[in-house]
Amino acid sequence: MTSTLDRRPISEGTRRPDPRPSSGARRARWTVAARLARRQVARTRLSSLLVSVLVMLPIAAMSAYAVIGLSSVATPEERARVELGRTQAWIAVAGIPDAGFWQSPTEPTWTGYPGDGQIPDREPIDDPITLLPAGAETLRTTESSVRVTTPDGVTAMRTTSGETWDPRFAGRYDLVDGRVPATDEEILVTPATLDRLQIAIGDEVALDDPARSFTVTGTLRAAELDATVPALFVSEAAGLPGGNARWYLPGTSLSWSEVEELNASGVVAFSRDVVLDPPTLDPDTPQGSFTPLSNSLWPIVMMLLAGGLFSAYVVVMLAGAAFAVAARRQQRSLAVAASVGATPSDLRRVIVLQGTFLGLIGGVSGIAVGIGAAALTMSLTTNGSATQFWGFHVPWAVLAGVLVFAVLVGTLSAAVPAHTVARSDTIAALRGARRPQRPRASRPIWGSVLMLVGVGITIGSALVIIASRAVVLDPDSPMRVIPPLGIVIGPIVVQIGILLSGRWLLWLTSRLLSPLGLSSRLAARDAAANSSRTVPAFAAIAATVFVAVFAIGQGAMQTGATARDWGYQAPEGSMAVSLYPAGDEALDAQASTDAAEAGLELATASGAASAAVLSQQADVWSYPNASVIPPERTQVIAVLPDRHLLDPAGPESYTWGGRNPTNPISVIPADELETAIGAELTPAQLEQYRNGAPLVTDPRYVENGTIEIGAWSARDAYEGRMPDNIWAPSPDMVDRADPQWSERVDAVQVDLPLQPVLVAVSPETAASYGLNVRPYLVIAAFDTTVPVSERDRTQALSETLSTSTWIVAPYFEDGPPSNVGWLVPLLAAVSILVLGASAVALGLARFERRPDDATLAAVGGTTGLRRRIGFWQGLLIAGFGTLAGTAAGVLPPIGFAIQSAGMWDLTDVPWMLLLTLTVALPLAIAVVSWLVAPRAPELTRRTAIA
C-alpha cells in the first residue's frame with residue numbers, strides 16, 4: 001500500500017537530491033581508502049617488501065647516476081677556484097690580433113674567427129701585459145715538459161715555471177708538505193713524483209735534458225692533476241725551456257667588455273667576474289653557443305630518461321605481477337568492504353593507493369641508497385683531481401622528479417590488478433571460489449595484428465631508407481629521421497603484440513604440454529590460469545633480452561665492419577713510431593735519419609724486444625709545382641692490376657689506414673723484416689728476399705707469382721700521370737704516361753693485406769731500382785702486452801724526443817676492437833636481470849600455489865612432483881620471455897643491415913651465441929627452480945575427502 005506521503009507531488013521549490021557525492025563525501029572515501037591501503041601494506045609485509053624493493057633498485061641506480069653525473073659538472077664557483085685560486089683572472093695569447101678573434105665568455109678554449117675563414121697572415125702579440133691597465137700586477141706561469149732521470153731510465157715530466165707557491169694561488173696550487181723554494185736551484189714536486197723517482201724531500205731531481213739538478217724542498221698539489229701524475233714546479237728564474245704561458249691577475253678584475261677588447265688583440269681571458277655572472281649572448285652567435293652546464297646536463301637527463309623508461313617497464317611488469325597475487329589474496333576482505341557499501345571505484349582506490357604508498361617508500365629509500373652509493377663510489381674511484389668530481393652535488397630538483405617517477409611507477413603497477421579486483425564477483429569472493437581465468441579471443445587477434453605490423457614497420461623502414469638514397473633529401477626532411485626510428489619502433493610494437501597475446505599463448509602451450517606428463521600439464525595450466533602473474537613476468541624478461549639481443553647484434557655488425565676496414569699502423573701487438581716533420585717542410589735525408597734514431601731510442605726505452613726501421617722514397621707533393629721538380633727524379637712503384645682498381649663513378653670505399661698505395665714500396669733490411677711485418681718467414685723466403693725478390697703482403701699485387709715494378713718521372717707522378725693504385729682510368733682523368741722502365745719480378749707472397757707494408761724490398765734491391773729513400777717509420781715488437789702505464793710513459797717520452805724539426809709519434813697497435821670487452825658485461829647484466837625477474841615470478845607462483853600444494857600432498861603428490869612443476873614453470877616463464885625478446889631483438893639488426901647497403905653484414909651477428917642465450921638461460925632457471933625444494937605443504941589448509 002502506498003502512503004499518501006509517497007503520492008505528494010514535488011513542489012516547484014523542491015529540487016531532487018544531487019546523485020554525485022559532495023566534496024566532503026569524496027574526501028571521506030579517499031581517507032578511508034588510504035587507511036585501508038596503509039593497513040594492507042603493513043599487514044602483507046613480504047609482498048610489500050618485494051614491491052618496494054623492485055621500485056627501490058632502479059631508483060637507487062638513477063639517483064646514484066644523477067649525483068655522480070652532476071658532481072662531475074663544475075659550478076661557476078668551483079671552476080673559478082680551480083682555474084684561478086684566489087686571483088681574479090688569467091690571460092693568454094691564443095689568436096691573431098685584428099682578425100675578429102672571439103671566445104666564449106666562460107670557456108676560453110671555445111674560440112674562433114669570423115665565418116668567412118679569412119685569417120690575416122700576421123704574428124700574435126708578444127706581451128699581452130701591455131694590454132692591461134697600467135700598474136696591474138701579474139703572476140706568470142709556463143707549462144712545459146722536461147726529461148727527468150729515473151731509477152729505470154728517462155721519462156718526461158710536466159713542469160710549471162712560476163711562483164706557483166704564492167698564497168694567492170691557494171685552491172689551484174696548495175703546499176702539501178715541506179717549504180717553498182728559496183733559490184732557483186730548489187723546486188717543489190707532486191707527491192707522485194717522490195714515488196716515481198724513489199726520493200724524499202731534501203733529495204735531488206736530475207734532469208736529462210737540459211742536464212741540471214734541483215733540490216726538492218716540499219710537495220705541491222695541483223688541483224687539475226690526479227694524484228698519480230708526477231710534476232715539477234720551479235721558479236721562472238730557473239730558466240727551463242718555455243711553453244704555454246699564462247698571466248694571472250691577483251688584483252685586477254676583468255669585465256666582459258674588457259675581455260672582448262683583449263680578444264680583438266688575439267688574447268683570451270678567464271675572468272672570475274665573467275664566470276660568476278656571465279653576459280647574456282645570442283645563442284645563434286658562436287660566442288653564445290657554448291653553454292657548459294646545459295651541455296653537461298643534457299646527456300645526464302637523456303640517460304636518466306632512457307634508463308627510467310626501461311626500468312619503469314620492467315618494474316611495472318614485475319610489481320604488477322606481485323600486486324596481482326596480493327590483490328587476489330585480499331579479495332575476500334575487499335568483498336566484505338563491497339558488501340557494506342564500497343563501490344568498485346573504492347575498491348580500485350584501495351589497491352591503487354597501496355601501489356602509491358609502496359612507490360613512495362621505494363622511492364624515498366632508493367634515493368637514500370643512491371646518494372649513499374654515489375658517495376661510496378666517488379670515494380673509491382676518485383683519482384685526487386679536483387676536476388674529476390668537483391664536489392658532492394646532490395641535485396634535489398632532479399631527485400624530486402625521480403621520487404615522483406617512483407610514485408607513478410608504484411601506482412601504475414597496481415592499476416591493472418585494481419581494475420581486475422574491482423570487477424570481481426563479491427558473492428563468489430565471500431564464498432572463497434577461485435575460478436580460473438579464460439583467455440578472450442580479442443586479445444590474441446589484436447596481439448597478432450600488432451606483431452605483424454611491427455615486423456612490417458621494421459622491414460618497410462629499411463626498404464624506405466634504401467629507396468630514399470636515390471632521392472636528394474633536404475637536411476631537415478622527416479624522411480631522414482622517421483625510417484631509422486621505424487626500424488627500432490617496429491620491434492617494440494612486436495613486443496606489445498606478444499604481451500597482448502600472452503594469455504592465449506600460455507593457454508595454447510598448456511594444451512600442447514598436456515601429453516608430456518602430469519607436472520608439465522599442471523605447471524602450464526597454472527601459468528595460463530594466473531596469466532596476470534605470469535604474463536608480466538615474461539614480458540619483463542622479454543624487454544631485457546630484447547635490449548641485449550639488439551645491442552649484441554648491432555654491436556657485432558659494427559665491430560665486424562670496423563675489422564674489415566681496419567688499417568694497421570703496425571703488426572698487432574707492436575708499436576709504430578711515425579716520423580713527421582714539425583713544420584710544413586718535408587724532412588730531408590739527415591733529419592729523417594736523426595728522427596729514426598730518436599724512434600729507436602723510444603723503442604728501447606719502452607722495453608721493445610726488437611725494432612725495425614722502414615724507409616721509403618719521399619713523396620712528390622711537397623714541391624709547390626711540377627716545374628721545380630728535378631727532371632732526373634723518378635718514382636718507382638709496384639703496380640696494382642687494373643681489375644682491382646675502384647670505379648671513379650662509384651662511392652669512395654678505400655680505407656687508407658697505415659697503407660700508402662701511391663708509394664707502396666718499403667725498404668727494410670732482411671734481419672728486421674720479420675719485426676716489420678709481424679710474421680715468421682722460412683729460411684728460403686728470407687734467402688729469396690736477400691737475392692732481390694720483393695715481399696708482398698697484399699695478394700692483389702701478385703699475378704702468377706710475380707709483380708710489376710715500374711718507374712715514372714716524378715713530374716708525371718705530381719701531375720697524376722702515374723698509376724695511383726686506387727682508381728681505374730676514366731675520361732675525366734689525365735692520360736697516363738708511359739713508364740721509364742717496367743719489369744715483372746718473382747715475389748715472396750705472405751697474406752697480410754691490411755698491414756702497412758704492402759711491398760718490401762731489401763736495401764740492396766732498392767739501390768738497384770734507383771730508389772732514393774729515407775726513414776719514415778719505426779716498428780717495435782714486444783714479448784708481452786704493454787701495460788697502460790708504460791704506454792703513457794712512452795707517449796710522454798716521445799714529446800721530449802721530438803724537436804722543432806721532427807716529431808716522433810708512437811702508436812700501439814692493438815688491432816680492431818673486440819666484442820669481448822662489452823659482450824661479457826652485457827651478458828652478465830642480462831643474466832642477472834633475467835634471473836631476478838624469473839626469481840620474482842617463480843617466488844610469486846610458489847606463494848600463490850600453496851593451497852594447491854596442500855591439495856596435491858593430500859592426494860599423494862610427492863615432493864618430486866612439486867619440484868618438477870617448479871622446473872616446468874621456470875622453463876615456461878623464462879622460455880617465453882627469452883624467445884619473445886630474441887625474436888623482437890633480431891629485427892633491428894636485420895633492418896639496419898638491409899639499409900646499410902652492405903656496410904653491415906648479418907654474418908657478423910653471433911647467431912650461435914644468441915641461440916645459446918635463448919636456450920641456456922631458461923634451462924638454467926628451470927634447473928635452479930627444480931633444485932630449490934618447495935616448502936612443506938600446509939595440510940591443514942585443504943583436506944582431501946576420502
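Student: In which helix is Arg 35 found?
Tutor: The model discussed here is a predicted one. In it, Arg 35 belongs to the helix that covers residues 23-43, namely helix H2.

Student: Is Arg 35 buried, partly exposed or exposed?
Tutor: The relative accessible area of Arg 35 is 34%. Buried means under 20% and exposed means over 50%. Arg 35, at 34%, is therefore partly exposed.

Student: Which residues gather with Arg 35 in a patch of positive charge on the surface?
Tutor: Arg counts as positive, and like charges within 9 Å are joined into a patch. The residues that gather with Arg 35 in this patch are Arg 38, Arg 39 and Arg 43.

Student: Which residues form a negative surface patch?
Tutor: Asp and Glu count as negative. The patch is formed by Asp 121, Glu 123, Asp 126 and Asp 127.

Student: Where is Asp 121 found, and is Asp 121 buried or exposed?
Tutor: Asp 121 lies in the loop that runs between strand E3 (111-112) and strand E4 (139-150). Its relative accessibility is 82%, and the cut-off for exposed is over 50%. Asp 121 therefore counts as exposed.

Student: What kind of pair do the rings of Trp 90 and Phe 270 form?
Tutor: Their ring centres are 6.2 Å apart, and their planes meet at 10°. Planes under 30 degrees apart count as stacked. The pair of Trp 90 and Phe 270 is therefore stacked.

Student: How many residues apart are Trp 90 and Phe 270?
Tutor: Trp 90 is in strand E1 (residues 89-93), and Phe 270 is in strand E12 (residues 267-271). The pair thus links distant parts of the chain, with a separation of 180 residues.

Student: Are Trp 90 and Phe 270 buried or exposed?
Tutor: Trp 90 has a relative accessible area of 4%, and Phe 270 has a relative accessibility of 0%. Since buried means under 20%, Trp 90 and Phe 270 are each classed as buried.

Student: What kind of aromatic pair do Phe 169 and Tyr 248 form?
Tutor: The distance is 5.0 Å centre to centre, with 85° between the planes. Planes over 60 degrees apart count as edge-to-face. The pair of Phe 169 and Tyr 248 is accordingly edge-to-face.

Student: How far apart in sequence are the parts that Phe 169 and Tyr 248 tie together?
Tutor: Phe 169 lies in the loop between strand E5 (153-161) and strand E6 (173-178), whereas Tyr 248 lies in strand E11 (residues 244-249). Phe 169 is buried at 1% relative accessibility, and Tyr 248 is buried at 0%. The parts tied together by this pair are separated in sequence by 79 residues.

Student: Which residues do ring pairs link into a cluster with Phe 169 and Tyr 248?
Tutor: The cluster has Phe 169 and Tyr 248 among its members.

Student: How many salt bridges does the count come to?
Tutor: A salt bridge requires a side-chain nitrogen of Lys or Arg within 4 Å of a carboxyl oxygen of Asp or Glu. By this rule, the number of salt bridges is 18.

Student: Which strands hold Arg 158 and Glu 143?
Tutor: The side chains of Arg 158 and Glu 143 meet in a salt bridge of 3.0 Å, N to O. The pair ties together parts 15 residues apart in sequence, because Arg 158 lies in strand E5 and Glu 143 in strand E4.

Student: How far apart in sequence are the parts that Arg 643 and Glu 703 tie together?
Tutor: These side chains meet in a salt bridge of 2.6 Å, N to O. Arg 643 lies in the loop between strand E15 (634-639) and strand E16 (665-667), and Glu 703 in the loop between strand E17 (695-696) and strand E18 (706-713). The parts are therefore separated in sequence by 60 residues.

Note on methods
Residues numbered from 1 in each chain as written. Predicted model: local features only at pLDDT ≥ 70, side-chain atom pairs only at ≥ 80, totals over all residues. Heavy atoms only, no water. Patch = residues over 30% accessible without salt bridge, like charges linked within 9 Å, V, L, I, M, F, W, Y side chains within 5 Å. Areas by Shrake-Rupley, 256 points an atom, 1.4 Å probe, with all protein chains shown as cover. Charge placed at Lys NZ, Arg CZ, Asp CG, Glu CD. Helix = DSSP H or I, 4+ residues; strand = E, 2+ residues; numbered from the N terminus. Buried < 20%, exposed > 50% of the residue type's maximum accessible area, 1.4 Å probe, protein only. Phe/Tyr/Trp six-rings, centres within 6.5 Å; stacked < 30°, edge-to-face > 60°.
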